[in-house]
Amino acid sequence: MDAASSLRVKHMLGSDMEKLLKELTIKNPGILAAQVCTSDGFEVASVQRDEESHRRLAAMVSSLHALGTAMVDETDLGVYENLIIEASAGKCLMMAIPGSDGSLLLTAVAAPTLLFGRFHQASKGTCEALATSITTHGWVKS
């Protein structure tokens with residue numbers, strides 16, 4: 001997906017996606033940031049405390065998604081679904097949004113106090129809601 005395609009997705013789905021991301025962070029105060037970006041590094045929707053960081057995050061997610069996909073392919077593990085990063089000051093979870101053929105990704109960042117199971121469950125629910133939004137709007141990867 002190129003920059004023009006990501007802008008079309010942002011225009012068509014961005015406000016719905018942003019609402020779902022806000023809901024994720026409001027219902028789960030330990031989730032500090034959430035973003036939908038394209039697999040090639042363009043931000044579509046985001047809810048973050050630091051507005052500048054969303055551009056950098058989208059670029060890093062693109063690289064990590066490519067690496068995760070390559071690892072899944074190389075080890076015959078099926079289809080890439082998510083990537084987890086745990087660090088001393090928090091957690092990051094990246095998920096491929098179903099129905100987007102791997103071209104749209106949800107990324108969420110959480111405080112270390114949020115239990116991983118809760119974080120994963122909440123993020124997965126939002127990912128499924130994003131997939132429903134994509135289907136409802138009839139979005140097809142270009």
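**Figure 1. Helices and strands of the predicted chain.** The protein chain of this predicted model holds 3 helices and 5 strands, where helices (H or I, at least four residues) and strands (E, at least two) are DSSP runs numbered from the N terminus. Along the sequence, the pattern is α-β-β-α-β-β-β-α. Of the 142 residues, 46% count as buried; buried means under 20% relative accessible area, exposed over 50%, and partly exposed in between (1.4 Å probe, protein chains only). Among contacts (heavy atoms within 4.5 Å) with a separation of 6 or more, 55% are between residues 24 or more positions apart. Residues are numbered from 1 along each chain as its sequence is written, and side-chain values use heavy atoms, with hydrogens and water left out. As this is a predicted model, local features need pLDDT of at least 70 and side-chain atom pairs count only at pLDDT 80 or more, whereas totals for chains, interfaces and linings use all residues.

Figure 2. Strand β1 (residues 31-38) runs antiparallel to β2, and 4 bridges join the two; strands pair if DSSP finds at least two bridges between them. Gln 35 has Ser 46 of β2 as its bridge partner. The hairpin has 4 residues between the strands, and Gly 41 takes a positive phi near 100 degrees. Strand β2 (residues 43-47) is mostly covered, with 5 of its 5 residues buried.

Figure 3. A nonpolar core is a set of buried Ala, Val, Leu, Ile, Met, Phe, Trp, Tyr and Cys residues joined through side-chain atoms within 4.5 Å. The largest one has 25 residues, of which Met 17, Val 36 and Ile 97 touch the most other members. At least two residues of this core come from each of α1 (3-27), β1, β2, β4 (90-96), β5 (104-110) and α3 (116-136). Helix α3 gives the most, with 6 residues. Neighbours within four places in sequence aside, Ile 97 is in contact with Val 36, Leu 104, Leu 105, Leu 106, Cys 127, Leu 130, Ala 131 and Ile 134. A second, separate core has 10 residues, including Leu 57, Ala 58, Tyr 80 and Ala 96.

**Figure 4. Cys 37 and Cys 92.** The whole structure contains 0 disulfides, a disulfide being a pair of cysteine sulfur atoms within 2.5 Å. Cys 37 is in no disulfide, and the nearest cysteine sulfur, that of Cys 92, is 10.0 Å away. Cys 92 is likewise in no disulfide, with the sulfur of Cys 37 as the nearest. Cys 37 is buried at a relative accessible area of 0%, and Cys 92 is buried at 14%.

Figure 5. The 21 residues of α3 should span 30 Å at 1.5 Å a residue, and the end C-alpha atoms are 30 Å apart, which agrees; the expected span is 1.5 Å times one less than the number of residues. Buried residues of α3 include Ala 122, Ser 123, Thr 126 and Ser 133. The count of aromatic pairs is 1; rings of Phe, Tyr and Trp (its six-membered ring) pair if their centres lie within 6.5 Å, with planes under 30 degrees apart counted as stacked, over 60 as edge-to-face and the rest as tilted. Phe 116 and Phe 119 have ring centres 6.5 Å apart and planes at 80 degrees, so the pair is edge-to-face. Both residues lie in α3, 3 residues apart, about one turn of the helix. An α-helix has 3.6 residues a turn, so residues three or four places apart point the same way. Phe 116 is partly exposed, with a relative accessible area of 26%, whereas Phe 119 is buried at 0%.
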